Amino acid sequence: MNSPLDSTVLFQIGPVPITLAIVTTWAIMAILVIGAFALTRRLDLRPTRRQAALELMVATLDTQITETTGAAPAPYRGFIGTLFLFILVANWSSLVPGVDPPTAQLETDAALAVLVFLSVIWFGIRAGGVGGWLKSFAAPNPVMIPLNILQSLTRVFSMFVRLFGNVMSGVFVIGIVASLAGLLVPIPLMALDLLTGLVQAYIFAVLAMVFITSAVESGAPSPPNTDLAPSQTKKES
Amino acid sequence: MTLDWWGLGLQAINVLILVWLLSRVFWRPVAGAITRRQEAAQALLEEGKTAQAKANAALADIAAARTGIAAERDAILAEAKTAADKVAKATLKDAQTKADSLIAAARTAIDRDRNTARKENATRATELSVEIAARLLDRFNTPSVQATFLAQLVEAIADMSASDRAALIASADGTTIVTATDTEDAESAKIERAIKDALGGTPSVRLVTDPSLIAGLELRSGHFVLHNSWRADLKAILKEVENAG
């Protein structure tokens, strides 16, 4: 068994090594996009059960964003929702025989963490401008500037380490147990891995949302809108 | 342990692309469907409110119209009542006038009938009185009364003019002496003689009986009657009473 910390390079495109995690990510992306396209082809005013389930998912996400940020969910829905869906599918891809979840690789989790870090900056600047975003580091007073800068780095680092550690350890444990105890013994652990994957996806998405919210609230010139999700969705265009 | 920076970058790009793609094909379409349904529901609500407002306005119009109809009905009823009262008063007045006329006419008729009845009663009372008197007098038809009537007749003949007496004597069919009761021959002869003596000459005299005289003697010829009886007296009284009434 290979070390989970190692990346398996399948082929090279120029100087770029294409690892198994990247290919799996592409597959997950294809499944998600094609599936989303297929599911959202015929949306009507009279929803089918499929549409109702999709709308329930989006409404739940909007409610979660609104309850966490207190702001309209539309600007964050795409990023946060995609993060959650991708991490969830990636985590659960370990259940497919022969597939290693991309989130069990450091690069993937680090890439997600980097995206969250950049999105915090992006949403912070968009809400309060560059000055507002920089000022958010001086909250509650300028003495906290070094600590805030360090915090903005370490919290992202802790995110991807948490995700990587949980998923990798799950894959590792299942691999060990499967190699030792045959076919049926890993099943409870795999079921536990399902729960772990869901929880980790939720935690990652919620933390990303909280970080973005803190940047937006600190840099914003005015108090955020505290309207609830159902009324906020009307602002979507 | 090494970090594959190419892999990190590629995965970041992959996730970014996924975010973009899912935003286009999943999040926005589903959120748009929710928004469209909310807008449709809102539009339906607004339409319902508009319809409700229109219905309320129509209801208010109907209520106003109904109030107007009620007022108009009251006015028509009041007008009809006034007209009916006027007609009733006129009718009542006309009826009162007619009733007064009828009452006056009835009173006049009653007075007339009463006068007529009173006259008739008076006439009948008079006739009855005369009848009673006749019956009473009939009981007093005695020879002395007869003798008195004979004396009065003779006196009446004596009071007649000579020409009248000559006419009686010359009467072709003779002179009739009417008595109330049958008389005996001697009495008859006495009466004839007394009358012949009063008339003078030789008149043709015959004696007849007429009980309706009650009592008395009368002298009759073809064109002359000399009344001298209680019947004649009673007739004279009756005539006087009738003329007085």
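**Figure 1. Arg220(B) stands opposite Val225(B) in strand E4(B).** Everything shown here and in the other views comes from a predicted model. Two strands meet in this close-up: E3(B) and E4(B) run antiparallel and are joined by 2 bridges. Together they make a hairpin, and 4 residues lie between the two strands.

**Figure 2. Strands E1 and E3 of chain B pair in the antiparallel sense.** Here we look at residues 175-179, which form E1, beside residues 217-220, which form E3. The two strands are linked over 4 bridges. Which residue of E3(B) is the bridge partner of Ile177(B)? Leu219(B) takes that place. On E4(B), Arg220(B) has Val225(B) standing opposite.

**Figure 3. The open sheet of chain B contains 4 strands.** Reading across the sheet, the order is E2-E1-E3-E4, and the pairing is mixed. Why do E2 and E4 each have one side without a neighbour in the sheet? Strand E2 (205-209) and strand E4 (225-226) stand at the edges and have a single partner strand each, so one side of each stays without a neighbour there. For E4(B), a link to follow by eye is the antiparallel pairing with E3(B).

**Figure 4. Chain B, seen as a whole, has 5 helices and 4 strands.** Starting at the N terminus, you can trace the elements in the order α-α-α-β-α-β-β-β-α. How does the radius of gyration of chain B compare with that of a compact globule? For 245 residues, a compact globule would come out near 18 Å, whereas chain B has 67 Å. Along the principal axes, the C-alpha atoms fill a box of roughly 210 × 35 × 30 Å. Buried residues account for 27% of the chain's 245 residues. The chain exposes about 16100 Å², and 60% of this area is supplied by carbon and sulfur atoms. If you count contacts between residues at least 6 apart in sequence, 73% of them join residues at least 24 apart.

**Figure 5. Residues 6-27 of chain B are listed by UniProt as a "transmembrane region".** The listing comes from an unreviewed entry. In the model, this stretch is 100% helix and 0% strand. From one end to the other, its C-alpha atoms are 29 Å apart.

**Figure 6. Asn148(A) sits in helix H5 of chain A.** The helix covers residues 145-181. Is Asn148(A) buried or exposed? With a relative accessible area of 13%, Asn148(A) is buried. Its side chain reaches the backbone oxygen of Phe137(A) at 2.5 Å. Setting aside residues up to four places away in sequence, Asn148(A) touches Ser136(A), Phe137(A), Ala138(A) and Ala139(A).

**Figure 7. Leu163(A) is another residue of helix H5 of chain A.** Its relative accessibility is 1%, so Leu163(A) counts as buried. Which residues are in contact with Leu163(A), leaving aside neighbours within four places in sequence? They are Ile87(A), Asn91(A), Thr103(A), Asp109(A), Leu112(A), Gln200(A) and Phe204(A). For a sense of scale, Met209(A) is 46 residues away along the chain, and its C-alpha atom is separated from that of Leu163(A) by 16 Å.

Conventions: Residues numbered from 1 in each chain as written. Chains lettered and ligands numbered in written order. Predicted model: local features only at pLDDT ≥ 70, side-chain atom pairs only at ≥ 80, totals over all residues. Heavy atoms only, no water. Pairing = 2+ DSSP bridges. Buried < 20%, exposed > 50% of the residue type's maximum accessible area, 1.4 Å probe, protein only. Polar contact = N/O pair within 3.5 Å; in protein donor to acceptor, adjacent residues only side chain to side chain. Contact = heavy atoms within 4.5 Å. Rg over C-alpha atoms; globule rule 2.2 N^0.38 Å. Areas by Shrake-Rupley, 256 points an atom, 1.4 Å probe, with all protein chains shown as cover. UniProt positions renumbered as here; feature names shortened; annotations may be inferred.
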